[in-house]
Amino acid sequence: MTNATPADPSDPVVRRFVLVAVWLPVVLVAIGVAVQLVLLPHVPSTVAIHWNAAGADGFAPAWTQPLMTVAFGLGIPLLIALTTLPGLRRGERGETYRLMGATAAATSALTTALFTLTYAMQAGLDSGADAPTVWGALVASVAVAAAAGIGAWYVQPAQEATDAAASPATPLALSPSERAVWVRATAMNTGGAIAIVAAVLVVAVAAAVAWLTGAEPLLTWLLAGIALLLLAFAATTLAFHVRVDDTGLHVDSVLGIPRFHVPLTDVVSAARVEVNPMGEFGGWGLRLSTGRRFGVVLRTGEAIELLRRSGKRFVVTVDDAGTAAALLEALVARAATRS
């Protein structure tokens with residue numbers, strides 16, 4: 001439950017996130033590309049870019065390696081920064097944001113080191129087919145990435161999500177025989193939906209390209225399987241129907257699965273809360289969080305939070321959450337008087 005206020009531009013959390021997620025990757029990629037350009041006259045015109053257990057099995061023009069270093073070593077961290085910074089600048093906090101900064105730094109370090117080391121070890125060779133095994137470069141790159149990620153984690157200040165205990169809603173006034181039902185639909189925010197659909201398309205295209213180009217069957221089937229899993233995830237988690245009645249809370253995907261039901265007899269209290277998906281749940285969708293919380297978290301903003309008899313908490317982001325919580329409190333209270 002977060003009440004975020006816009007962050008000061010000089011806030012050390014924002015500044016240090018930018019330092020590790022943007023400027024550190026820029027420096028790493030600049031160094032890696034500079035080294036590769038110096039080595040360019042000394043490597044084969046076609047270099048090895050992929051290895052299997054037997055040795056190099058994938059090749060590309062030597063001049064493409066610096067471009068790939070920029071694309072992956074800088075592009076991925078910038079994508080992470082662009083999707084994370086808006087929340088930080090709104091004043092949202094949580095260790096997930098700190099983790100994203102460390103992930104951006106580690107990703108840049110891994111890709112830049114791997115591309116540069118595999119490039120350097122081909123200097124002086126007549127052909128990329130003569131490239132030595134990649135294992136040494138891979139181990140070294142992982143070590144560099146781990147050092148960069150750990151360092152980036154500790155460079156950033158600790159971030160505590162501004163959670164507060166949820167106060168139960170004031171029960172609606174219901175007569176002993178009155179029947180009341182509350183129904184709403186909730187959907188993932190536009191940005192999240194676009195990201196999921198884009199991921200499905202990218203993997204599906206990659207699977208198609210692998211099949212058309214005669215790639216190894218294992219790779220083709222793996223990509224196709226991932227595409228189908230992403231498609232199933234998108235279809236089942238983009239929108240839900242939410243219902244409160246005298247049987248409890250029902251949260252059902254528009255496709256019918258998954259379905260969640262918290263019986264009225266299992267509800268200790270219901271409250272309206274404000275949810276920060278990244279800071280509290282680490283993202284959007286069906287999410288677990290600290291404090292024994294599970295959520296159907298589709299966007300930032302108001303949500304119903306139920307405290308269950310087991311001590312677990314169930315959260316669903318939905319409009320008019322205050323009315324739903326108030327109705328649940330009334331139904332729980334009425335059921336208690338009947339028992």
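Trainee: Before we start, what should I know about the model?
Mentor: It's predicted, so local features need pLDDT of at least 70 and side-chain atom pairs count only at pLDDT 80 or more, while totals for chains, interfaces and linings use all residues. Residues are numbered from 1 along each chain as its sequence is written, and side-chain values use heavy atoms, with hydrogens and water left out.

Trainee: Okay, how many residues does helix α5 have?
Mentor: Helix α5 has 21, residues 135–155. Helices here are DSSP runs of H or I, at least four residues, and strands are runs of E, at least two, numbered from the N terminus.

Trainee: Which residues of α5 are buried?
Mentor: A137, S141, A145, A148, G149 and A152. Buried means under 20% relative accessible area, exposed over 50%, and partly exposed in between (1.4 Å probe, protein chains only). They cover an arc of only 100° around the axis, so they sit on the same side of α5. That arc is taken from the directions from the helix axis to the C-beta atoms.

Trainee: And which ones are exposed on the other side?
Mentor: W135, V139, A147, I150 and Y154.

Trainee: New topic: where's the cis peptide bond?
Mentor: It joins I257 and P258, with omega about 0°. P258 lies in the loop between β5 (248–253) and β6 (259–263).

Trainee: Where is D320 found?
Mentor: In the loop between β11 (313–317) and α9 (321–338). D320 is partly exposed, at 26% relative accessible area.

How values were computed:
The expected span of a helix is 1.5 Å times one less than its number of residues.
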